[in-house]
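Subject: Handover of the structure

Hello,

Here is the structure I promised to pass on. Please open it next to this email and follow along.

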Amino acid sequence: MKLTFWGAAQTVTGSMHHLEVEGKQYLLDCGMYQGRRQEAFDRNSHLPVKAGEIDAVILSHAHIDHSGNLPSLAKNGYSGPIYTTPATADLCDPMLRDSAFLQEKDAEFVNKRSMRRRLVDAKPGPGAVLPLYSMADAERVLELFRDVPLRTPTEVGPGVRYESFEAGHMLGSSCVALDLESGGRTVKLGFSGDLGRPGLPIIRDPEPFPQVDYLIMESTYGDRLHQPVESVLEKLARVVSKTAARGGKIVVPSFAVGRSQQLVLLLHELVNAGRVPSIPMFVDSPLAVNATAVFRKHRELFDEEVQKFLDAGEDPFGFSRLRYIREANESKALNDLRGPFLVIAASGMCEAGRIVHHLRNTIEDARNTVLITGFQAEHTLGRKIVEKWAEVPIFGETMRLRAEVATINELSGHADQREMLQWMKPIARGLKKIFLVHGELPAQTAFAAAIREAFGVEVVIPARGESFEL
């Protein structure tokens with residue numbers, strides 16, 4: 001039994017872990033690496049495994065950094081099953097289609113701009129930008145999904161059986177426990193996926209996890225502690241009120257799935273309580289519109305907070321001041337809208353989609369606010385904004401960052417150091433080894449030290465391509 005780490009190794013995105021058992025090969029996640037445009041394209045387009053030789057994929061959840069390179073897998077010859085929860089499968093349908101659409105459109109946009117520049121400058125430019133994969137590739141991979149509800153033991157190959165448990169990270173997210181048998185030996189392997197926080201809006205808290213021998217553990221916030229979730233409403237109300245008072249716009253980069261729905265729910269609560277000014281609010285994302293429909297379908301996964309809205313006959317994801325925008329012409333019309341308003345748009349790390357256009361039209365005005373509500377990976381536009389660079393690149397142009405930058409980290413879907421240690425505590429003493437993934441090296445180093453001090457367990461921080469015998 002062999003485990004190789006090909007993604008989210010000493011970095012946060014591109015989750016992909018390669019498991020070999022009894023001559024068969026499996027992937028835990030097949031995510032998209034996000035970062036510098038060319039580096040990301042090169043890494044995502046050159047798969048480290050032979051797609052046609054993979055026998056099955058187990059997917060922890062639908063976020064693009066965990067699912068987003070599945071179409072590349074199909075494009076390169078994969079035709080096996082993809083096992084995941086029903087809600088994750090439902091969310092991946094619009095998400096992977098949207099990912100393919102955005103890549104095609106962004107490549108088209110960049111190529112048109114390059115062509116215009118060449119005509120003006122009369123200079124040869126770089127070759128055409130190609131999308132990572134097409135809509136046809138996304139549609140092909142969607143046919144491979146197999147729904148497996150939580151807590152349902154499932155055999156995926158000879159000597160490989162798995163069961164999933166609520167991760168509390170987003171709708172449908174799961175932690176995975178695998179029973180592996182080879183050559184008369186039995187090994188239990190755990191994969192945390194992305195572990196959520198207790199008390200997050202909409203979704204249920206993470207479940208207890210069964211005892212395993214080895215644990216692949218995320219470490220995104222392994223070096224810090226979050227503020228209590230209860231403080232979010234006050235901070236959100238303050239940002240909206242302060243920006244509206246100076247006539248500015250609030251631009252909120254957000255993951256279309258999970259974070260957008262959380263923000264809408266919180267804004268709904270603030271509107272009902274009369275704690276924010278009466279300004280127009282928009283969710284400008286076709287994907288968020290489609291994802292919200294999936295949320296409404298899976299009421300069995302909601303927490304008590306959302307159930308209260310439903311019991312009162314209210315739509316938790318809709319209120320009079322809020323408008324969902326699907327069409328591109330409606331999105332463009334927001335550029336001409338006068339007076340304060342709030343717009344939530346994808347992508348969450350500002351690397352693609354409509355949020356980039358909104359930023360281009362707002363960040364040079366000091367009246368406006370860019371509100372960051374999630375983790376921003378290294379080298380992304382979102383990270384540059386969080387770090388308040390004086391100038392940031394948008395669509396190849398250098399723009400001055402004059403808008404106020406505000407952050408709300410309490411909504412993070414990732415558990416902090418204390419919360420991860422608490423989740424691990426019941427199983428820690430029985431662990432032979434912990435592999436830390438999905439974190440930047442400083443966070444992983446700090447978390448490894450905390451684990452060793454708390455539990456005395458061996459901790460490894462694997463490099464990309466590093467393999468281990470189980």
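Among contacts in the protein between residues at least 6 apart in sequence, what share join residues at least 24 apart? The share is 77%. Contact here means heavy atoms within 4.5 Å.

Some ground rules come before the rest. This is a predicted model, in which local features need pLDDT of at least 70 and side-chain atom pairs count only at pLDDT 80 or more, while totals for chains, interfaces and linings use all residues. Residues are numbered from 1 along each chain as its sequence is written, and side-chain values use heavy atoms, with hydrogens and water left out.

**The whole protein**

The secondary structure comes to 14 helices and 22 strands. Both kinds are DSSP runs, numbered from the N terminus: helices are H or I with at least four residues, strands are E with at least two. The radius of gyration is 22 Å, close to the 23 Å that the globule rule gives for 470 residues, so the protein is as compact as a globular protein of that length. That radius is taken over C-alpha atoms, and the globule rule is 2.2 Å times the number of residues to the power 0.38. Along its principal axes, the C-alpha trace spans about 70 × 60 × 40 Å.

Of the 470 residues, 59% count as buried. Buried means under 20% relative accessible area, exposed means over 50%, and partly exposed lies in between (1.4 Å probe, protein chains only).

**Two helix pairs**

Start with helix α7 (residues 259-273) and helix α9 (residues 304-311). They pack at an angle of about 55 degrees, with their axes 12 Å apart. Axes are lines fitted to C-alpha atoms, for helices over the stretch in contact, and angles run from 0 to 180 degrees between N-to-C directions. α7 and α9 are therefore oblique to each other. The cut-offs: under 35 degrees is roughly parallel, over 145 roughly antiparallel, 65 to 115 roughly perpendicular, and the rest oblique.

The crossing of α7 and α9 is left-handed. A crossing is left-handed if the near helix is turned anticlockwise from the far one by less than a right angle, and right-handed if clockwise. From α7, Leu-265, His-268, Glu-269 and Asn-272 take part; they meet Glu-305, Val-306 and Phe-309 in α9. By class, this contact has 3 nonpolar, 2 polar and 2 charged residues. Ala, Val, Leu, Ile, Met, Phe, Trp, Tyr, Cys and Pro count as nonpolar; Asp, Glu, Lys and Arg count as charged; the others, Gly among them, count as polar.

Now take helix α13 (residues 417-428) and helix α14 (residues 441-455). Their packing angle is about 40 degrees, and their axes are 11 Å apart. That makes α13 oblique to α14. The crossing of α13 and α14 is right-handed. α13 brings Gln-417, Met-420, Leu-421, Met-424, Lys-425 and Ala-428 to the contact, and α14 brings Ala-446, Phe-447, Ala-450, Ile-451 and Phe-455. These residues divide into 9 nonpolar, 1 polar and 1 charged.

**Backbone points to check**

Most residues other than glycine have a negative phi, and most peptide bonds are trans. Look at these places with that in mind.

- The peptide bond from Ala-346 to Ser-347 is cis, with omega near 10 degrees. Ser-347 lies in the loop between β15 (342-345) and α11 (354-360).
- Cys-350 is found in the loop between β15 and α11. Its phi is positive, near 65 degrees. Cys-350 is buried, at 2% relative accessible area.
- Gln-10 has a positive phi too, near 60 degrees. Gln-10 sits in the loop between β1 (2-7) and β2 (16-21). Its relative accessible area is 32%, which means partly exposed.

For each contact list below, neighbours within four places in sequence are left aside.

Val-294 lies in helix α8 (residues 286-297). It counts as buried at 10% relative accessibility. Val-294 is in contact with Ala-87, Asp-90, Leu-91 and Leu-171. Val-257 is 37 residues away along the chain, and the two C-alpha atoms are separated by 9.6 Å.

Asn-44 is in helix α1 (residues 37-45). Asn-44 is buried, at 5%. It is in contact with Gly-31, Met-32, Tyr-33, Asn-69, Ser-72 and Leu-132.

Gln-25 lies in strand β3 (residues 24-28). Gln-25 is buried, at 17%. Its contacts are His-18, Leu-19, Glu-20, Glu-53, Ile-54, Asp-55 and Ala-56.

Best wishes
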